[in-house]
Amino acid sequence: MTVPEHMPGDPNWRETTTTVALTVRITGWLPRVFSIVLAGALVITAVVVAVAPRVWHIVNAHEEVPVVLPEFEALAQRTYVYDRNGKEVAVFELENSQPISYADMPPQVVQAFLVVEDKEFFNHDGVNVRSLIRATLSNFASDAPQQGASTITMQVVKNDFLAGLERDGRYKLLQTHYARMLEKELTKEEILERYLNTVFFGNNAYGIQAAAETYFGKTAAELTFIESTFLAGLVRSPSGFDPINEPERSRARWFQVLERLVAEEYLTPVEAETLKETFALPSRVKTIPTRSSERSYFTEALRDYLLNKTTILGSTYQDRYNRLFRGGLRIHTTIDSNLQLLAENAHDVLPQTAGRFENAIVSLDATSGAIRAMVGGSGFVPNEREVNMALAPRQTGSSIKFLILAAAVQAGAQAGDIIDGVRGCRFDNPGGDEPYFQISGGVAGSVTNLAQQTWSSVNCAFARLSQIVGLNRMVDTVYRAAKSPYLYAGQPESERAAINPFLSFATGANELSALDMASGVQTVANEGVHHEPYYVEFITDPKGKRTYTHFSPGTVVFDREASLETIDILKGVIRSGTGRRYPLSNDRAAFGKTGTQQDNTNAWFVGGTRQLATAVWVGDPDAYTPMVDIPEFRAEGVNKVQGGLFPKQIWSAFMDPAHTSEPLLDWDRPQPPQRTNARLVLPGNECAGRIVGYEPGEPIKVEIDPEAPATTLAPGVPEVPPETAPGRPIVQPVDVGTTIAPDNLDPNAPLPTVEFGVTVGQCASDGTLIIEDDGTLIPDD
């Protein structure tokens with residue numbers, strides 16, 4: 001048995017025991033310390049070996065290529081759209097980014113972000129080591145991160161220079177190095193301005209101005225200090241703390257921010273507890289009440305126009321896209337919000353049919369072509385109702401006759417010229433599916449003057465007139481009179497079906513949109529000078545510099561006198577013709593033309609005043625559905641929808657209030673006819689002859705042109721009672737010429753006519769006027 005050197009009673013026992021214990025403890029602890037130090041050394045060595053080359057590269061960069069901070073990318077900015085009176089009507093953006101200058105940032109916003117994110121911002125040089133250590137210790141002591149380790153300067157570096165880089169050791173070194181460099185190049189205010197304009201707040205909001213709008217429906221200048229601290233609290237994790245989609249996590253983060261404010265003595269504990277109960281977290285994305293964020297038919301058409309139909313924003317699609325959605329432009333458009341509201345009200349004149357039938361309205365400034373109102377249907381609804389019927393081509397019915405009339409007058413026709421409009425007309429159709437084209441519907445018609453045929457909208461008269469003018473020349477006229485980015489000669493078929501020289505041209509076989517028709521009306525209303533419809537008056541960049549201004553010298557399509565004659569005839573449509581219902585107030589001077597497609601599938605009224613050129617279409621947006629016996633329409637007393645009914649009613653419901661403050665203007669009267677009235681003839685379909693005598697025989701009946709003067713005989717032929725003749729007439733053929741050549745597009749090429757005193761009728765096989773066996777002339781009436 002081993003006896004200890006000192007027993008418990010010995011006064012040296014405790015000291016000896018302690019010494020021995022300490023010796024044992026040291027002996028056991030030293031190997032562990034040595035192991036830990038050795039392992040740490042190995043880790044540090046490994047890190048140094050891995051990182052040293054990169055650190056050496058950075059530190060000694062001046063010996064190779066100097067480390068230079070990249071330039072800040074230009075901040076994405078939303079584009080604002082205004083109406084003609086400066087009212088905001090739309091916003092185009094990808095990122096909701098609304099940069100503002102540091103001078104415009106209210107003090108309470110700046111202070112809020114400093115206290116929550118980086119209270120020593122104005123004291124450090126970009127990297128705050130003390131803050132880093134404090135944040136690390138605080139976060140270890142808490143169940144959830146309380147403080148961030150990065151300074152505001154480091155966050156700017158992260159957002160602007162290091163996006164996309166792998167978060168490795170080199171990343172943090174670069175962030176630290178760049179932050180210190182940035183502090184040397186920019187002032188604190190400039191860094192803070194960049195930060196507050198680029199930091200992401202969630203829900204597509206970039207920067208404090210966008211965040212203020214998104215979460216509180218106000219501008220940054222209107223934010224309170226408490227609201228600003230709430231927004232500052234989102235920066236750490238915009239998605240995780242999203243108050244709209246993650247309300248509980250957002251509330252927990254908000255409580256952390258309140259605790260921070262108490263710790264920094266911005267709030268008392270009582271005030272913080274009160275705010276926990278009373279501060280309402282945002283629950284939905286908001287907009288500033290005075291700001292329009294709703295898409296409309298006009299704004300969607302504007303967007304498509306700027307991206308796809310013009311180069312005013314750039315030569316390439318990508319250039320245009322970037323400028324429109326990120327360029328911070330101020331686009332001042334032609335739309336008049338007051339007129340737009342009137343047009344939307346007029347649209348509602350059409351009884352609702354659960355979406356089966358719709359109407360579209362386009363109104364242009366008659367002197368410039370500026371689009372003042374555009375209604376594409378019953379309100380634009382994304383992903384549900386987006387097709388803009390104001391731009392959708394549809395068959396025009398008889399409304400196209402106003403351009404046939406204008407082309408005929410340009411080529412020399414007069415209001416008093418006679419033309420055959422008897423229903424049942426038939427025309428050869430070589431090369432067609434059928435050997436001939438025949439019209440058996442519409443107004444019965446007669447042989448009468450051009451003005452009356454227009455007022456009554458006689459199909460046979462205008463089918464004949466369109467061929468007298470020349471179908472190819474008519475196609476050319478439409479392209480020139482209604483030219484726009486949506487309709488032009490040589491347009492690719494992949495973009496839009498071409499206008500064709502159909503025999504059914506006058507009855508609406510070609511498809512045109514309400515914008516096309518309004519564009520044609522503008523040309524006539526503007527006394528023959530065409531201006532293409534346009535959306536934009538001018539554009540400025542974010543600094544207010546004007547980058548685009550609309551200018552159009554106009555194109556003369558019709559002579560002024562021809563336009564005045566056309567207008568004078570078309571006034572009769574409203575005064576006493578098919579468009580006589582729903583007249584404008586104060587007997588305002590206006591002209592127009594009705595149009596009803598076969599089977600009542602499309603109905604139109606198009607017309608204008610000195611101020612506005614307006615087109616209205618009514619129909620089924622999805623098909624060519626007959627608008628006959630529709631219960632909702634029948635309840636309004638309309639069994640068959642025609643151009644002179646709902647379309648004209650809608651047209652007047654818009655045009656009347658649209659002119660409330662406009663002066664009563666009229667066009668000049670056209671000059672008196674420059675020649676005596678004549679008979680318009682379609683060569684090949686109609687033949688002409690003059691009676692030069694009679695063969696002996698029993699008196700027979702003679703049918704002559706009822707519109708011709710009383711004396712219709714050749715010089716030297718004795719006059720006889722108009723209903724009888726002494727015998728079979730001897731008729732001398734009168735040459736009426738040939739139809740205009742297909743390649744002759746000269747708008748002034750004269751029309752084939754014959755003077756009064758010549759009988760016009762059906763043609764025999766040899767091209768002469770038919771005379772029945774009993775001697776009766778067969779006129780074409």
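This is a predicted model: local features need pLDDT of at least 70, side-chain atom pairs count only at pLDDT 80 or more; totals for chains, interfaces and linings use all residues.
Biologist: In what order do the strands of the five-stranded open sheet lie?

Modeller: Strands here are DSSP runs of E with at least two residues, and helices are runs of H or I with at least four, numbered from the N terminus. Two strands pair if DSSP finds at least two bridges between them. The pairing in this sheet is antiparallel, and the order is 8-7-21-20-19.

Biologist: Which residue of strand 8 is the bridge partner of S363?

Modeller: Strand 7 (residues 358–365) and strand 8 run antiparallel and are joined by four bridges. The partner of S363 in strand 8 is A373.

Biologist: At what angle to strand 7 does helix 18 run?

Modeller: Angles run from 0 to 180 degrees between N-to-C directions, and axes are lines fitted to C-alpha atoms, for helices over the stretch in contact. Helix 21 (residues 646–658) touches strands 7, 8, 19, 20 and 21, and its direction makes about 150° with that of strand 21. Helix 18 (residues 514–525) lies across strand 7, strand 8, strand 19, strand 20 (602–608) and strand 21 (612–619), and its angle to strand 7 is about 35°.

Biologist: How are helix 14 and helix 17 oriented relative to each other?

Modeller: The axes of helix 14 (residues 401–410) and helix 17 (residues 471–481) are 10 Å apart, at an angle of about 105°. Angles under 35 degrees count as roughly parallel, over 145 as roughly antiparallel, 65 to 115 as roughly perpendicular and the rest as oblique. Helix 14 is therefore, relative to helix 17, roughly perpendicular.

Biologist: Which residues of helix 17 meet helix 14?

Modeller: Contact means heavy atoms within 4.5 Å. Helix 14 contributes L403, I404 and A407. On the side of helix 17 the residues are M474, T477, V478 and A481.

Biologist: How many charged residues has the contact of helix 7 with helix 8?

Modeller: Helix 7 (residues 208–216) and helix 8 (residues 225–234) pack at about 105°, with axes 11 Å apart. I208, A211, A212, Y215 and F216 in helix 7 meet E227, F230, L231 and L234 in helix 8. Ala, Val, Leu, Ile, Met, Phe, Trp, Tyr, Cys and Pro count as nonpolar, Asp, Glu, Lys and Arg as charged, and the others, Gly among them, as polar. By class this contact has eight nonpolar and no polar residues, and the number of charged residues is one.

Biologist: Which strand supplies the largest share of the lining of the largest pocket?

Modeller: The largest pocket is lined by 32 residues, with G441, G442, N459, T596 and Q597 nearest its centre; five of the lining residues are nonpolar, 23 polar and four charged. A pocket is an open set of points on a 1 Å grid over the protein atoms alone where a 1.4 Å probe fits, with protein on both sides within 12 Å along at least five of seven lines, and lining residues have an atom within 4 Å of a point. Strand 12 (436–438) and strand 19 (591–596) each supply at least two lining residues. The largest share, three residues, comes from strand 19.

Biologist: Which residue in the turn between strand 16 and strand 17 has a positive phi?

Modeller: Strand 16 (residues 536–540) and strand 17 (residues 546–549) pair in the antiparallel sense over three bridges, with I539 opposite Y548. They form a hairpin with five residues between them, and the turn residue with a positive phi, about 90°, is G544.

Key:
Residues are numbered from 1 along each chain as its sequence is written. Side-chain values use heavy atoms; hydrogens and water are left out.
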